[in-house]
Amino acid sequence: MYTVFGAGSIGTVLAGLLADAGVPVAIAGRHAVERLRLEGDDETVEAKVPVVAEPLGTILLCVHGPDVFDLCPLWKGRTVVTFQNGVRAEAAAARWCEVIGGVWRMTCTLVEPGRVLYTKRGRVIVGRYPEGVDPEVEALAADLRRAGFDVGVSPRIEGDKWLKLFLNLASTAHAIVRREDHGKPEFGMLKAAILEEARDVFRANGIVAESGDGRDASIDEEIGRHRKGGGRARGVFNSTWRQLSLGRRPKERYHDTVTALGPAPRNEAMLVLLDRATGPECYTAEEALSAVCGR
Ligand SMILES: NC(=O)c1ccc[n+]([C@@H]2O[C@H](COP(=O)([O-])OP(=O)(O)OC[C@H]3O[C@@H](n4cnc5c(N)ncnc54)[C@H](OP(=O)(O)O)[C@@H]3O)[C@@H](O)[C@H]2O)c1
């Protein structure tokens, strides 16, 4: 039995796809509703999931990173799967809970309670925190596979979390630069500049950001891909975009993890742009590139 805690973008998709596959699952959290409608690029899934006040079974935690600190003390000794972006949720949760680290590589946008847009069933990686694989991890992976995810099982989940953080450094650019500029060379140059700096900071600090099962692109391959630019045809937006669209400041900023590791002026400049953002897609690619690289 699983309970998805956090009835937002990824929580709604996770609960809906597990329920649709016949895996026992409930949902909890603010605005949680029983009837879910998931609208993918190529499919629409409707599912009914019981809403519970207190989580039952394994907790699939789908809130933002800072919320982990408030919630996990309530669940001492329970197993929690941390799908947060960033690299801090696992250590936080492990103060109170048994932790399986999760990496969610799929973009989803909640448009109203119970209704979410996504592209396609994406890749999800799980592994015991701080390292290893055990029967509980394998059983979770099997259930996620039943739900149609492309599942990886990682013996070194921290490497996968760092790799995902690395990718998220590009997601800020997608959130704050206007969509019609995403095909421009300046947009690719902006993302490559941020990622190259982060790669160098990671290396200087001995941080290994790599796929535990070897299936995901390396950081250098990612830099090459992002340099090419390009965008999405359909309006499925990342978490930073959604927070800005709601008039909120993003709870997870990603670049501050890089700047905390050493001098990183380009990532610092992205944080300034994010702080000054008046909403999603509020900068041109040229403006953002000039702020980050002084061109
Ligand atoms: N969306 C994506 O495409 C995506 C992709 C990869 C990773 N992620 C990561 O997944 C995590 C969740 O992101 P998301 O986009 O799903 O966020 P979201 O849409 O904002 O959903 C989070 C949900 O959790 C609820 N919540 C937070 N704290 C709570 C609490 N103490 N009690 C009850 N409910 C609580 C929120 O309610 P309120 O809205 O009322 O606060 C919201 O419904 C983040 O770490 C994000 O970085 C997201």
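In these legends, Ala, Val, Leu, Ile, Met, Phe, Trp, Tyr, Cys and Pro count as nonpolar, Asp, Glu, Lys and Arg as charged, and the others, Gly among them, as polar. Please keep in mind that the model shown is predicted.

Figure 1. A polar side-chain atom of E252 sits 2.6 Å from an oxygen atom of the ligand. In H31, an N or O atom of the side chain lies 2.9 Å from a ligand oxygen. M106 takes part through its backbone, with a polar atom 3.4 Å from an oxygen atom of the ligand. On its own the ligand would expose 890 Å², and the protein buries 91% of that area.

**Figure 2. The shell around the ligand.** The ligand is surrounded by 28 residues, and R30, N85, C108, R242 and E252 are the closest. Sorted by class, this shell holds 11 nonpolar, 11 polar and six charged residues. Which helix gives the most to the shell around the ligand? That is helix 8, with three residues. Both domain 1 (2–155) and domain 2 (158–293) are represented in the shell, each with at least three residues.

**Figure 3. The second largest pocket.** This open space amounts to about 210 Å³. Its lining is made up of 16 residues, of which G65, P66, N85, R88 and E252 come closest to the pocket centre. At least two lining residues come from each of helix 2, helix 3 (89–94) and helix 9 (255–259). Helix 2 gives the most to this lining, with three residues. The class make-up of the pocket lining is seven nonpolar, four polar and five charged residues. Domain 1 (2–155) and domain 2 (158–293) each supply at least three residues of the lining.

Figure 4. Rolling a probe the size of a water molecule over the atoms shows where empty space is left. The count of cavities of 30 Å³ or more comes to two. The largest cavity has a volume of about 40 Å³. Around it are F83, Q84, N85, G86, G102, V103, W104, K161, K164 and L165. Strand 7 (98–105) and helix 5 (157–176) are the elements that give two or more residues to this lining. By class, the lining residues divide into four nonpolar, four polar and two charged. Why does the largest cavity lie between domain 1 (2–155) and domain 2 (158–293)? It does so because both domains give residues to its lining.

**Figure 5. Two backbone details.** The last view turns to the backbone. Most residues other than glycine have a negative phi, and most peptide bonds are trans. What is the phi of Y254? The value is positive, about 60 degrees, although Y254 is not a glycine. P130 belongs to the loop that runs between strand 10 (123–128) and helix 4 (135–146).

Technical notes:
Residues are numbered from 1 along each chain as its sequence is written. This is a predicted model: local features need pLDDT of at least 70, side-chain atom pairs count only at pLDDT 80 or more; totals for chains, interfaces and linings use all residues. Side-chain values use heavy atoms; hydrogens and water are left out. A residue is near a molecule or strand if one of its heavy atoms lies within 4 Å of it. A polar contact is a pair of N or O atoms within 3.5 Å; within protein, one must be able to donate a hydrogen and the other to accept it, and residues adjacent in sequence count only if both atoms are side-chain atoms. Accessible areas come from the Shrake-Rupley method with a 1.4 Å probe; for residues, only the protein chains shown count as cover. Helices (H or I, at least four residues) and strands (E, at least two) are DSSP runs, numbered from the N terminus. Domain bounds come from an automatic or database domain assignment. On a 1 Å grid over the protein atoms alone, a cavity is a set of points where a 1.4 Å probe fits but cannot get out, and a pocket is an open set with protein on both sides within 12 Å along at least five of seven lines; lining residues have an atom within 4 Å of a point. Grid points are joined across faces, edges and corners, and a volume is the space filled by probe spheres set on the points.
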